[in-house]
Structure formats: C-alpha cells, structure tokens
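Hi there,

Here is the structure I promised to pass on to you. Have a look at it first, and my notes on what turned up follow below.

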Amino acid sequence: MELNSDFSSRVVVHSDQLEWQASPMKGVDRRMLDRIGGEVARATTIVRYAPGSKFSAHTHTGGEEFIVLDGVFQDEHGDFPAGTYVRNPPTSQHTPGSDPGCTIFVKLWQFDMDDRTQLRKTMADELSAPVNGIATATLHKDEREVVTYSHLDAGATLTSDAPGGIEVLIIDGSITTGEDVLNKNDWLRLPEGQALTATAGPDGAKVWMKTGHLPYARAPQV
C-alpha cells in the first residue's frame, strides 16, 4: 500500500474528516496519514484504542515514535497520559493498550536503524520561555532530524526553512498556512525546499513539528 508516498509533494490531511479503519486488533482503529507497505509499513497514523483494548506483544524492528493525544496509553513500562512524547527505538518491545481508552499519533519505521535511545517526555514541561508569543521545546535532535513542540499565542507566527522537509501536527487550536486553515489533529507535510509560515488562530495553537527527515524516507527493510 502507498498513501501520500510522494515526498516531493505538499500534503495536507484534515484527519478528523477521515473514517476510522479497523486494525488487525479488535478495538484498535486508525486513520492513515502516509504509508509505504502493508501491515509492516513506514507509516504515519492516528490510532484510537477503545477502553480496555490491547495490542499483542511486539518488537519495533524499525522503531516507534508517538504522542498521546488524549486519554492514557499504557504498556508494561507505565502509564502515558495526554501530552506525552515517546521514542521506542529499533529492537524495543512492548504490549500496548489502554484501560480508559486513548488516541495517539504514531510514526513507524522512521528511525536510524542503529538508534537505541529510548525516551519519554511530558511535552509541556520542556517548553522554553516565550519569544514573540511562541514557547518551544526541543523534544529530540540528531543528525537526521529535529523534533519540536510549540505553544503559539493567538496571532503569533511560526516559521521554518529547515532543510530536509517539514512535518506538522496540530495538537490543539488552529493555524493558517498559505490558503489552508489547519485545526486540531490536522497534519501537514512540506517537501524539501518549501518553507513553513504558520499563524495561530484566535485561540492560539499547540504544534508538533519534525524537520530534516524526508531524505531518509523509505520502505521497511524486512
């Protein structure tokens, strides 16, 4: 399966307008944003766990990165409430689920295969002091990519001309970029060479962003 797999194109997905699709595990549904591959895939997805649902134990051969958007994600390593950012590197294992239910934004098979750094951060706790109405946290940085989280006051403008492509998820609030208005759970991917200019709406915005990673996009090596 290929979905939004042309990384030279600009892509906007209003994810709340997509139908939920059942995963192989009962009670776990998903909205696919981009994908290369079948059930083993380089994928960016919003996943919803119904209360009491669980996924079977598995190893993340290509790594897993996720944000808890609502509810509480759980595995044998603990509880992960909304606002938590997690990186489970290649070879990591867990048995995920959620007693109360949750929704996560997750990226699979997008790691350096030699990466073994596991981390968990409460995104809001990492924020710096605001500058020009924007407070930003650097969640992760390596030679391949930079991952940030920002709080924008109403009317504040976030810009980036970072090389290697730009990807944005709206965690809350809204932004306007070009002719597009992006609201909560909307997703934007800009190709190499396109800059981002995003102005927060009247309620401000909370924005997750990744840059630099698109040159490394490829199908899983299995």
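The side chains of K107 and Q110 make a polar contact of 3.0 Å, and a second polar contact, of 2.9 Å, joins K107 to the side chain of T44. By polar contact I mean a pair of N or O atoms within 3.5 Å; within protein, one must be able to donate a hydrogen and the other to accept it, and residues adjacent in sequence count only if both atoms are side-chain atoms. Please keep in mind that this is a predicted model, where local features need pLDDT of at least 70 and side-chain atom pairs count only at pLDDT 80 or more, while totals for chains, interfaces and linings use all residues. Residues are numbered from 1 along each chain as its sequence is written, and side-chain values use heavy atoms, with hydrogens and water left out.

K107 itself sits in strand β13 (residues 102–108). Strands here are DSSP runs (E, at least two residues), numbered from the N terminus. With a relative accessible area of 1%, K107 is buried; the classes are buried for under 20% relative accessible area, exposed for over 50% and partly exposed in between, using a 1.4 Å probe and protein chains only. Apart from its neighbours within four places in sequence, K107 has contacts (heavy atoms within 4.5 Å) with A43, T44, G63, E64, E65, E167, W208 and K210.

K107 and E167 meet through their side chains in a salt bridge, 2.8 Å from N to O. E167 belongs to strand β18 (residues 166–177) and K107 to β13, so this pair ties together parts that are 60 residues apart in sequence. E167 is buried too, at 1% relative accessibility.

How many salt bridges are there? The count comes to 13, taking a salt bridge as a side-chain nitrogen of Lys or Arg within 4 Å of a carboxyl oxygen of Asp or Glu. Two others that I looked at:

- R10 and D180 form a salt bridge, with their closest N and O atoms 2.8 Å apart. R10 lies in the loop between β1 (2–3) and β2 (11–14) and D180 in strand β19 (residues 180–183), so the pair ties together parts that are 170 residues apart in sequence. R10 is partly exposed at 35% relative accessible area, and D180 is partly exposed at 22%.
- R87 and E65 are joined by a salt bridge of 3.3 Å, N to O, between their side chains. Since R87 is in strand β10 and E65 in strand β8 (residues 64–75), the pair ties together parts that are 22 residues apart in sequence. R87 is buried at 2% relative accessibility, and E65 is buried at 4%.

E65 and R87 also belong to a network of salt bridges, in which they are linked with D115, E145 and K210.

Next, the backbone. Which residues have a positive phi although they are not glycines? T91 is one of them, with a phi of about 85°, and W109 is another, with about 60°. T91 is in the loop between β10 (84–88) and β11 (92–94) and is partly exposed, with a relative accessible area of 48%. W109 is found in the loop between β13 and β14 (119–122) and counts as buried at 15% relative accessibility.

L158 and S160 make up its covered face, and T157 and T159 its uncovered one. In a regular strand the side chains alternate between the two faces of the sheet. β17 runs antiparallel to strand β21 (residues 196–211), and four bridges join the two; strands pair if DSSP finds at least two bridges between them. In this pairing T159 stands opposite T197 of β21.

The largest pocket has a volume of about 550 Å³. Of the 29 residues that line this pocket, the closest to its centre are E39, F55, H58, H60 and L108. The elements that give two or more residues to its lining are β4 (28–37), β5 (41–49), β7 (58–60), β8 and β13, and β5 gives the most, with five residues. For the terms: on a 1 Å grid over the protein atoms alone, a pocket is an open set of points where a 1.4 Å probe fits, with protein on both sides within 12 Å along at least five of seven lines, and lining residues have an atom within 4 Å of a point. The volume is the space filled by probe spheres set on the points, which are joined across faces, edges and corners.

Best wishes
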